[in-house]
Amino acid sequence: MLGIELKGHDYKYEVAELCKLFTTQFRLENNNDEFKNNIINEVIITDNEIKSTTKYYEDDNLKISKEEIVDIKSLNSEEIKKRTKTTIKRSIFKVLDELFDTYVPWGILTGIRPVKIVHNLLDQGLSDEKIRQTLKDKYFIKDEKIDLALDIAKRERVFIYPIDKNKISLYVSIPFCPTRCVYCSFPANPMKQFGHLRQDYVKSLIREIQGLAKILEDTNKEIETLYIGGGTPTALEASQLDELIKSLFKELDLSKIKEFTVEAGRPDTITREKLEVMKKHNVSRISINPQTMNDETLVKIGRDHNVNDIVECFNMARELGFDNINMDIILGLVDENVDMVKNTLEKIKELSPESLTVHTLAIKRASTLKENLDKYELTRYEEMINMINLSMEYAKDMGLNPYYMYRQKHMLGNLENIGYAKEGFECIYNIQIMEEKQSNFAVGAGAISKYVYVDEDRIERTDNVKNVEQYIDRVDEMISRKEKEVYKNVN
């Protein structure tokens, strides 16, 4: 166990998040005498500079010492605070990097949107070479990740710029699933217990859509993309899905949308009738998400379908004319190794979807492990890297380019999740929601609306209640929450 003592500041959260990139076996303490190994970080701030010194001791013997000094003349208090956090993280990172033989490709970055930093640097007119140098020198990011982030940012900018403050994206939450997968952290209510609420839920959802329609009309907002997600939207009956989509087009002006996505998601909820409903309403993009193409794993993660069901659903969608299909896979599922991931990628390559989203699962699996967390993650880490590299190779071979990315927190190394797509099939909704240059209005249980005020560099949020029964009873309150936020900011 590593003891960590902070002097001159109280940025415990930031320090803890950084340390988790290397190990979970640490404790933040005021007095670390009980530990054999200690790290002491001390910060001194004067009118002119910030100095962060990090020292590592073994049995009271100084073994490593790293210092970072930053000039803060002419900076305001908020900028000084940001610089202080970065300076602390840099000096601690240098010590941890010597102590642990761990591949930490994103350096000191612990947030989930590294591409946003690249966008900001591009907005300043910096050259590619200057951006690369900044990311390497300031954040300690590895070359391969710098290239990835820069590549993705350039692909995204075509869809983000010029920024139009009147355009928004719309998310519709369907929080029902046939069963709850063991790794799931999204709103998902198993059909066995909550399926009887679907019709009442749809009616309440339409009520919220009507309330949203007035807000959008009053503020002259234009819907650029529409995304129905979950849960599993195809957990609704075909008639309920039809009713919902009809209402969306009736209540809202969707005449200018560039993209309409529905997460068909799990094959055990997909029927020809539901696909025909989506096709009738001009859904332009669907997801059929296997997560894995190994039957034994599907059983272990709680899926009520097999690989053959996935293939049949995919082929049925193709037969009905869907020409923009995404597939999701998850790396690090229980008991899966690199060969099993290769099998998944081979089968997906045969289907040739227009886009592939590759997620890493290490953090969620780790959260269920109560013992030997470090041992488990460290033995799996190299294999996870190999899985990610393999997925990159297959994506390239399938003609898929990386077009958006985010990272999950609390996992060793903060490995990334990447969306790949064929040229012209990038999901605009995913790009906008990730880079936060456009407001995202969201309806339904568990939905979170995000209001982006570009000129002020400010983002506000309103949350809908997660519980389905409460949502049904309190839908008018969900509308009021949106009205309160939106109308107070209308000039």
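Predicted model: local features only at pLDDT ≥ 70, side-chain atom pairs only at ≥ 80, totals over all residues.

**Packing, rings and backbone**

User: At what angle do the axes of α3 and helix α5 (residues 143-160) cross?
Analyst: The axes of α3 and α5 come within 9 Å of each other. Helices here are DSSP runs of H or I with at least four residues, strands are runs of E with at least two, and both are numbered from the N terminus. Axes are lines fitted to C-alpha atoms, for helices over the stretch in contact, and angles run from 0 to 180 degrees between N-to-C directions. On that basis α3 and α5 cross at roughly 70 degrees.

User: How are α3 and α5 oriented to each other, and is their crossing left-handed or right-handed?
Analyst: Angles under 35 degrees count as roughly parallel, over 145 as roughly antiparallel, 65 to 115 as roughly perpendicular and the rest as oblique. α3 and α5 are therefore roughly perpendicular to each other. A crossing is left-handed if the near helix is turned anticlockwise from the far one by less than a right angle, and right-handed if clockwise. For α3 passing α5, the crossing is right-handed.

User: Helix α3 also packs on helix α4. Which residues of α4 meet α3?
Analyst: Happy to show you! Helix α3 (residues 114-123) and helix α4 (residues 128-139) pack at about 130 degrees with their axes 10 Å apart, and α3 and α4 are therefore oblique to each other. Contact means heavy atoms within 4.5 Å. I117, V118, L121 and L122 on the α3 side meet, on the α4 side, I131, T134, L135 and Y139.

User: How are α7 and α8 oriented to each other?
Analyst: Helix α7 (residues 198-218) and helix α8 (residues 238-251) have axes 10 Å apart, at an angle of about 10 degrees. The orientation of α7 and α8 is therefore roughly parallel.

User: Turning to the rings, why does the pair of Y171 and Y227 count as it does?
Analyst: The structure holds 12 aromatic pairs. Rings of Phe, Tyr and Trp (its six-membered ring) pair if their centres lie within 6.5 Å; planes under 30 degrees apart count as stacked, over 60 as edge-to-face and the rest as tilted. The ring centres of Y171 and Y227 are 5.9 Å apart with planes at 25 degrees, so this pair is stacked.

User: Where in the chain does the partner of Y171 lie, and is Y227 buried or exposed?
Analyst: Y171 belongs to strand β6 (residues 167-174), and Y227, 56 residues apart from it, belongs to strand β9 (residues 222-230). Buried means under 20% relative accessible area, exposed over 50% and partly exposed in between (1.4 Å probe, protein chains only). Y171, at 17%, counts as buried, and Y227, at 7%, also counts as buried.

User: Which ring lies under the charged end of R458?
Analyst: A charge sits over a ring if NZ of Lys or CZ of Arg is within 6 Å of the ring centre and within 35 degrees of the ring normal. K279 does this with F322, at 5.0 Å from the ring centre. For R458, at 4.2 Å from the centre, the ring is that of Y453.

User: What is omega for the cis peptide bond between Y161 and P162?
Analyst: P162 sits in the loop between α5 and β6. The bond joining Y161 and P162 is cis, with omega about -5 degrees.

User: D60 and E436 have positive phi. Is E436 buried or exposed?
Analyst: D60 has phi near 70 degrees, lies in the loop between β4 (49-58) and β5 (61-71), and counts as exposed at 69%. E436 has phi near 55 degrees and lies in the loop between α15 (428-435) and β16 (439-443). At 9% relative accessibility, E436 counts as buried.

Notes:
Residues numbered from 1 in each chain as written. Heavy atoms only, no water.
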